[in-house]
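Have a look at the sequence and the 3D picture, then read on.

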Amino acid sequence: MSKGWGWWLLAGFALWTFFALRWTEVGCDYPEAYLAVVRFGTPEGLEFLPACAG
């Protein structure tokens, strides 16, 4: 893998982590938070959160 791709992957993971941390602020555990980013995007407001209904 070239250096350019490595930086893009690192930046993508950092962005994914940033959005996952927003899910943890509304009550998700870390594994649920990372999956919630993929399934639902970012949390909005205090509406019912199906990702954390576990």
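Helix H1 (3-25) is part of what covers the buried residues of H2. Before we go further, a word on the ground rules: this is a predicted model, in which local features need pLDDT of at least 70 and side-chain atom pairs count only at pLDDT 80 or more, while totals for chains, interfaces and linings use all residues. Residues are numbered from 1 along each chain as its sequence is written, and side-chain values use heavy atoms, with hydrogens and water left out.

So what's in the chain? You'll find two helices and zero strands; helices (H or I, at least four residues) and strands (E, at least two) are DSSP runs, numbered from the N terminus. Of its 54 residues, 19% count as buried, where buried means under 20% relative accessible area, exposed over 50%, and partly exposed in between (1.4 Å probe, protein chains only).

Now zoom in on H2, which spans residues 30-40 and has Ala33, Ala36 and Val37 buried. Looking down the axis of H2, you'd see these buried residues fall within an arc of 105 degrees, so they line one face of the helix. (That arc is taken from the directions from the helix axis to the C-beta atoms.) Here's a handy rule: an α-helix has 3.6 residues a turn, so residues three or four places apart point the same way. Just after H2 comes Gly41, with a positive phi of about 85 degrees.

How do the two helices sit together? Their axes, H1's and H2's, come within 8 Å and cross at roughly 110 degrees. Axes here are lines fitted to C-alpha atoms, for helices over the stretch in contact, and angles run from 0 to 180 degrees between N-to-C directions. H1 and H2 are therefore roughly perpendicular to each other, a label that goes with angles of 65 to 115 degrees. By class, their contact has 13 nonpolar, two polar and no charged residues. Contact means heavy atoms within 4.5 Å. Among the residues that meet are Phe13 and Trp16 in H1, and Tyr30 and Tyr34 in H2.

Finally, let's pick out Val37 in helix H2. Which residues does Val37 touch, not counting those up to four places away in sequence? Its partners are Trp16, Phe19, Ala20 and Trp23. The C-alpha atoms of Val37 and Trp16 are separated by 7.2 Å, although the two are 21 residues apart along the chain. Val37 has 15% relative accessibility, so Val37 counts as buried.

Methods. Angles under 35 degrees count as roughly parallel, over 145 as roughly antiparallel, 65 to 115 as roughly perpendicular and the rest as oblique. Ala, Val, Leu, Ile, Met, Phe, Trp, Tyr, Cys and Pro count as nonpolar, Asp, Glu, Lys and Arg as charged, and the others, Gly among them, as polar.
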